[in-house]
Amino acid sequence: MDGCFRLMMDEIHKYEGTINQFRGDGVMALFGAPIAHEDHAQRACHAALATQKALVTYCESLKARYGIDFKMRIGLNSGP
């Protein structure tokens, strides 16, 4: 999971998101806080898509090295 978290953190920070918390195998990131951006929702979407793209190589390496099929889901919430 450390490798996965590292990739996720890199992509979240690239789009100026803030890691709010790690819970088990999950990560919560905020976009638009503490630094406000008018396009915070788009930044969150770009970070999610970039994370999925970055994980392709990571997943392939886990499959080749350990025979593990690593899969991940990403959820986005834009409020009420």
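**Entry: the model as a whole.** I note at the start that this is a predicted model, and I therefore looked up the confidence before anything else, since pLDDT is the predictor's confidence in each residue, from 0 to 100. The protein averages a pLDDT of 91, and 100% of the residues score at least 70. Among the elements, the lowest mean belongs to β1, at 91, while α2 has the highest, at 94. I remind myself that where pLDDT is low, predicted coordinates should not be read in detail.

**Entry: the fold.** I counted 2 helices and 2 strands in the secondary structure, and, reading along the sequence, I wrote down the pattern α-β-β-α. The C-alpha trace spans about 40 × 20 × 20 Å along its principal axes.

**Entry: the two helices.** Two packed helices are described by the angle between their axes and the distance between those axes, and I looked up both values for this pair. I found α1 and α2 packed at an angle of about 145 degrees, with 9 Å between their axes, and α1 passes α2 in a right-handed crossing. Which residues of α1 meet α2? On the α1 side I listed G3, C4, L7, M8, E11 and I12, and on the α2 side A47, A50, T51, A54, L55 and Y58. Sorted by class, the residues of this contact are 9 nonpolar, 2 polar and 1 charged.

**Entry: the largest pocket.** I then turned to the largest pocket, whose volume is about 810 Å³. Its lining has 30 residues, and those closest to the centre are V27, A29, I74, G75 and L76. Two or more lining residues come from each of α1 (2-14), β1 (18-23), β2 (26-30) and α2 (40-66). Which element gives the largest share of the lining? I found that α2 does, with 7 residues. By class, I recorded 19 nonpolar, 7 polar and 4 charged residues in the lining of this pocket.

**Entry: two backbone details.** In the loop between α1 and β1 I found E16, which is not a glycine and yet has a positive phi, near 60 degrees. In the loop between β2 and α2 I found P34, and the peptide bond that joins A33 and P34 is cis, with omega at about 0 degrees.

Key:
Residues are numbered from 1 along each chain as its sequence is written. This is a predicted model: local features need pLDDT of at least 70, side-chain atom pairs count only at pLDDT 80 or more; totals for chains, interfaces and linings use all residues. Side-chain values use heavy atoms; hydrogens and water are left out. On a 1 Å grid over the protein atoms alone, a cavity is a set of points where a 1.4 Å probe fits but cannot get out, and a pocket is an open set with protein on both sides within 12 Å along at least five of seven lines; lining residues have an atom within 4 Å of a point. Grid points are joined across faces, edges and corners, and a volume is the space filled by probe spheres set on the points. Helices (H or I, at least four residues) and strands (E, at least two) are DSSP runs, numbered from the N terminus. Ala, Val, Leu, Ile, Met, Phe, Trp, Tyr, Cys and Pro count as nonpolar, Asp, Glu, Lys and Arg as charged, and the others, Gly among them, as polar. Axes are lines fitted to C-alpha atoms, for helices over the stretch in contact, and angles run from 0 to 180 degrees between N-to-C directions. A crossing is left-handed if the near helix is turned anticlockwise from the far one by less than a right angle, and right-handed if clockwise. Contact means heavy atoms within 4.5 Å.
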